[in-house]
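My plan is to pick a few spots, look them up one by one, and jot down what turns up.

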Amino acid sequence: MKLFDTMKKDLIELDLENEVRIYVCGITAYDYSHIGHARNVVIFDALRRYLEFRGHRVKIVQNFTDIDDKIISRAVNEGKKALEISNKFINEFLKDIEELNVKECIRPKVSEYIPQIIRAVEKLIEKGFAYTVRKENGYDVYFHVPAFESYGKLSGLSTQELERHRIEPDPQKKDKRDFALWKSAKEEDFRAESYFDSPWGPGRPGWHIECSIMSSDILGVPFDIHGGGMDLVFPHHENERAQSYALFDTEPVRYWIHNNFITVNGEKMSKSLGNIVKIRDVVEKYGGLALRYLLISAHYRHPLDYSEEKVIEAKKSYEYLLNSLRNADMEIAHIKTFQVGREGEEIPSLMDGFVEALENDFNTPRALAVMHELASNINSRQFSASLKSLEKAFDELYTMMDIMGLIKDYGRSPLLGEEDRAKIVEREEARRMKDFKTADMIRDEFKNRGIMLVDTKHGTRWYLA
């Protein structure tokens with residue numbers, strides 16, 4: 001399988017063991033999550049599903065940042081503790097991604113790793129990579145960038161380009177690029193109860209150190225894949241790599257994989273433009289799987305532009321796949337229920353094309369195109385294909401949809417017993433005689449049991465509601 005490695009700036013053939021260890025940077029829990037967060041979560045969930053389909057055991061971690069300036073600011077404004085704010089929005093995020101059919105994974109919080117972070121900062125000071133700066137309530141601790149020779153290798157930015165990016169100002173820093181490993185507590189930290197005792201006085205971790213510690217503690221070093229949005233390449237992942245390498249004397253990550261941004265009607269999402277699209281708002285209107293379909297409809301390394309029209313189209317496309325799967329399922333149930341001898345034409349297998357698309361830089365748009373081709377073949381051959389071919393086509397489309405995370409709570413069309421078979425025959429005779437009252441009554445009897453009857457030109461078919 002090939003993926004684009006941000007470090008190597010090229011498509012790389014992955015060399016993976018039986019167990020694949022993945023770390024993906026998660027949300028900073030200070031507000032409801034938006035569709036940019038959703039894209040990141042869904043892409044790496046789909047990658048995880050595909051690797052599992054290939055036979056790998058996947059250990060995936062996506063953290064929660066529950067200690068941060070934005071969380072503290074909101075807590076102070078609302079007169080609450082910082083962890084009250086972060087816990088609320090962590091729970092809301094989990095509700096959102098459940099609607100997106102995201103599989104469970106390991107989800108650590110920064111607040112759970114304070115002792116490990118403190119030990120790591122102490123080690124960086126001991127090894128000469130970090131230094132302290134006196135503050136009002138203790139000390140800040142900074143990582144000294146010039147002490148790490150290959151700083152900038154991940155982002156590919158020159159020293160001059162690095163200095164043009166947003167960097168925390170502090171005249172006491174030895175180098176303007178130096179970044180905080182530990183922050184001495186300020187008034188708002190005390191007010192929000194977002195501080196911890198440390199050798200440098202009360203304070204809290206800097207942003208970047210958290211991921212180095214959580215990933216190494218859970219996955220070991222080096223682990224296989226580090227994922228995140230492109231906005232994290234610098235400074236977050238550049239700094240994370242530097243401090244991890246300094247701690248462990250080795251490259252901490254084998255492959256760095258980043259997804260591109262979401263725009264809204266051609267514009268970058270921002271609070272100033274008022275165009276932040278929350279996950280739950282889209283889900284409430286169009287459904288979680290429609291949004292999931294949209295999020296994988298563009299290649300992960302390309303921008304994705306969101307609009308109402310596009311999510312409506314995504315919903316139609318998803319429902320087309322689901323209905324095609326159901327068509328094959330209903331025909332299989334009909335053939336087996338009425339023991340119809342069905343020899344017929346074959347539905348071509350397209351699994352190789354689907355796999356090829358995902359093997360080549362995880363090309364989900366191409367994979368979706370293959371799925372639609374298979375769905376079209378099912379629909380055109382539903383009543384003429386052999387039972388064996390229908391079963392194979394159903395299995396293929398179901399597997400593809402499952403890998404893409406587009407199957408949720410699907411129930412197979414049941415085989416009917418003798419009494420139900422008789423009712424189906426009675427209903428078809430009633431329809432032929434234009435006795436629609438009887439036909440509707442039988443339909444409603446099935447519906448009350450959770451079985452939906454569908455009238456086709458070849459007779460009655462059915463599926464589970």
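Predicted model: local features only at pLDDT ≥ 70, side-chain atom pairs only at ≥ 80, totals over all residues.

**Entry 1: helix 3**

I started with the buried residues of helix 3, and my list reads Ala 82, Ile 85, Ser 86, Phe 89, Ile 90, Glu 92, Phe 93, Asp 96 and Ile 97.

Then I checked the length of helix 3, which has 18 residues (82-99). At 1.5 Å a residue they should span 26 Å, and the end C-alpha atoms are 27 Å apart, which agrees. Just after helix 3, I noticed that Asn 101 takes a positive phi of about 65°.

**Entry 2: the whole protein**

Next I zoomed out. I counted 16 helices and 15 strands in the protein. Its C-alpha atoms fill a box of roughly 90 × 50 × 40 Å along the principal axes.

How much of the protein is buried? Buried residues make up 53% of the 465 residues. I also looked at contacts with a separation of 6 or more: 77% of them are accounted for by residues 24 or more positions apart.

The domain assignment gave me domain 1 (2-259), domain 2 (308-404) and domain 3 (418-464). For domain 2 and domain 3, I got 26 Å between the centres, taken over C-alpha atoms. Their contact takes eight residues from domain 2 and 10 residues from domain 3.

**Entry 3: the listed binding site**

I took Cys 211 next and found its place in helix 7 (residues 207-219). Is Cys 211 buried or exposed? Its relative accessibility is 1%, so Cys 211 counts as buried. I left aside neighbours within four places in sequence and read off the contacts of Cys 211: Tyr 23, Cys 25, Asn 63, His 236 and Glu 240.

Glu 240 has its place in helix 8 (residues 233-248). With a relative accessible area of 2%, Glu 240 is buried too. Not counting residues up to four places away in sequence, Glu 240 touches Cys 25, His 208, Cys 211, Ser 212, Ser 215 and His 226.

The unreviewed entry had one more item I wanted: UniProt lists residues 27-37 as a short sequence motif, the 'HIGH' region. Over residues 27-37 I read 27% helix and 0% strand, and the end C-alpha atoms are 7 Å apart.

**Entry 4: strands**

I began at the start of the chain. Strand 1 (residues 2-5) and strand 2 (residues 10-13) pair in the antiparallel sense over four bridges. Which residue is the bridge partner of Lys 2 in strand 2? Glu 13 is that partner. The hairpin of these two strands has four residues between them, and Lys 9 takes a positive phi near 60° there.

Further along, strand 9 (residues 223-229) runs parallel to strand 10, and six bridges join them. Gly 227 stands opposite Ile 257 in strand 10. I marked strand 10 (residues 253-259) as mostly covered, since six of its seven residues are buried.

My last stop was an open sheet of three strands in the order 12-11-13, with mixed pairing. Strand 12 (267-268) and strand 13 (304-306) stand at the edges, each with a single partner strand, so one side of each is left without a neighbour in the sheet. Strand 11 (residues 262-264) runs parallel to strand 13, and three bridges join the two. One pairing I wrote down is Val 264, whose bridge partner in strand 13 is Tyr 306.

Key:
Residues numbered from 1 in each chain as written. Heavy atoms only, no water. Buried < 20%, exposed > 50% of the residue type's maximum accessible area, 1.4 Å probe, protein only. Contact = heavy atoms within 4.5 Å. Pairing = 2+ DSSP bridges. Expected span 1.5 Å × (residues − 1). Domains from an automatic or database assignment. UniProt positions renumbered as here; feature names shortened; annotations may be inferred.
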